[in-house]
Amino acid sequence: MLVLVAPGQGAQTPGFLTPWLELPGVRGALEAWSDAVQLDLVRFGTEGDAEEIRDTAVAQPLLVAAGLASAYSLFDDPAELPRKVGAIAGHSVGELTAAALAGVLPDEETVRLVRARGLAMAEAAAITETGMSALLGGDPEVSVAHLEKLGLTPANINGAGQIVAAGTMEQLAALNEDKPEGVRKVVPLKVAGAFHTLHMAPAVDKLAEAAEGLAPADPKLTYVSNKDGQAVATGAEVLRRLIGQVANPVRWDLCMETFKALGVTALIEVCPGGTLTGLAKRALPGVQTLALKTPDDLDAARELIAEHSA
């Protein structure tokens, strides 16, 4: 059983889209999505420096566009995707990539919604200086209790020994000086705010407003939600969760438990892949994983699809 996953913010790197533009149809799709959101995704994905693409309002539509373009490049016909992929999920903003690939929203509506999400979250992040840091190692229960003592939120519980803390810069500085027992390292992330916490509450209403008038379809394959790792059967519920998830923790650990329960045998992470396959290698032993980083990875991914598709 094959699972397709989409990464979240922080996975982007300068120039990561450059080799993908050589594939037929990719530049045209990116230009169309750029027009839809009034943002030059081609330039940001090829020429944007690290600081430019760290901007939440830029990073989010850029990541979703890259994920869609790379996923469609896997198949001769996009209609093959729901027939050959057993389940789909995304981490944070990657949930919108997954929703589009599952047929919940058309691509253009998705990138518009993502653009609104990025702008709303950037605006919320500007209210207070906040950020996120990854905790490597340690016992999850001990770490969560320690974070709460410092006033921080376990915004991403990623499994495989990784939790991401979010809060004010002062709280994160305190964490750096006072790590939970067993944590090897605290790594600041390349994000512009404390996402998936109460600091993002102002963005929820704006995203709900941006979603008014959308008519989501039911997913064409098993869609696994960040909220609780459960499969969601209706488009309306997927959209409701996408809006609320902005200010609530990502439970990627529970998503991976669901993959396991579904009988996953292979996992492919769309561009810019690497983060989620790294987690899967530790949390899902025996499952074959592949990250789409450049078009050079497509042939191996297609072989994996042929071997593990439903």
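Student: What do the buried residues of H12 pack against?
Tutor: Keeping in mind that this is a predicted model, the buried residues of H12 pack against the strands S1, S2 (87-90), S4 (153-159), S7 (222-224) and S9, and also against helix H13.
Student: And which residues of H12 are buried?
Tutor: In H12, which spans residues 252-262, the buried ones are Trp252, Asp253, Cys255, Met256, Thr258 and Phe259; the helix is followed by Gly263, whose phi is positive, near 90 degrees.
Student: Switching to the sheet, in what order do the strands come?
Tutor: Six strands form an open sheet with mixed pairing, and the order is S8-S7-S2-S1-S9-S10. The edges are S8 (231-232) and S10, each of which pairs on one side only.
Student: Do S7 and S8 run parallel or antiparallel?
Tutor: They run antiparallel and are joined by two bridges, with Val224 standing opposite Ala231 in S8.
Student: What about S9, which strands is it bridged to?
Tutor: S9 runs parallel to S1 (residues 2-6), with four bridges between them, and Leu4 has Ile268 as its bridge partner in S9. Four bridges also join S9 to S10 (residues 288-291), again in parallel, and there Leu267 stands opposite Thr289.
Student: Which way do the side chains of S9 point?
Tutor: Ala266 and Ile268 point one way while Leu267 and Glu269 point the other way, and all are buried. In a regular strand, side chains alternate between the two faces of the sheet.
Student: Where does H13 come in?
Tutor: H13, residues 275-283, makes a right-handed β-α-β unit together with S9 and S10.

Terms used. Residues are numbered from 1 along each chain as its sequence is written. This is a predicted model: local features need pLDDT of at least 70, side-chain atom pairs count only at pLDDT 80 or more; totals for chains, interfaces and linings use all residues. Side-chain values use heavy atoms; hydrogens and water are left out. Buried means under 20% relative accessible area, exposed over 50%, partly exposed in between (1.4 Å probe, protein chains only). Two strands pair if DSSP finds at least two bridges between them. A crossover is right-handed if, with the strands pointing away from the viewer, the path from the first strand over the helix to the second runs clockwise. Contact means heavy atoms within 4.5 Å.
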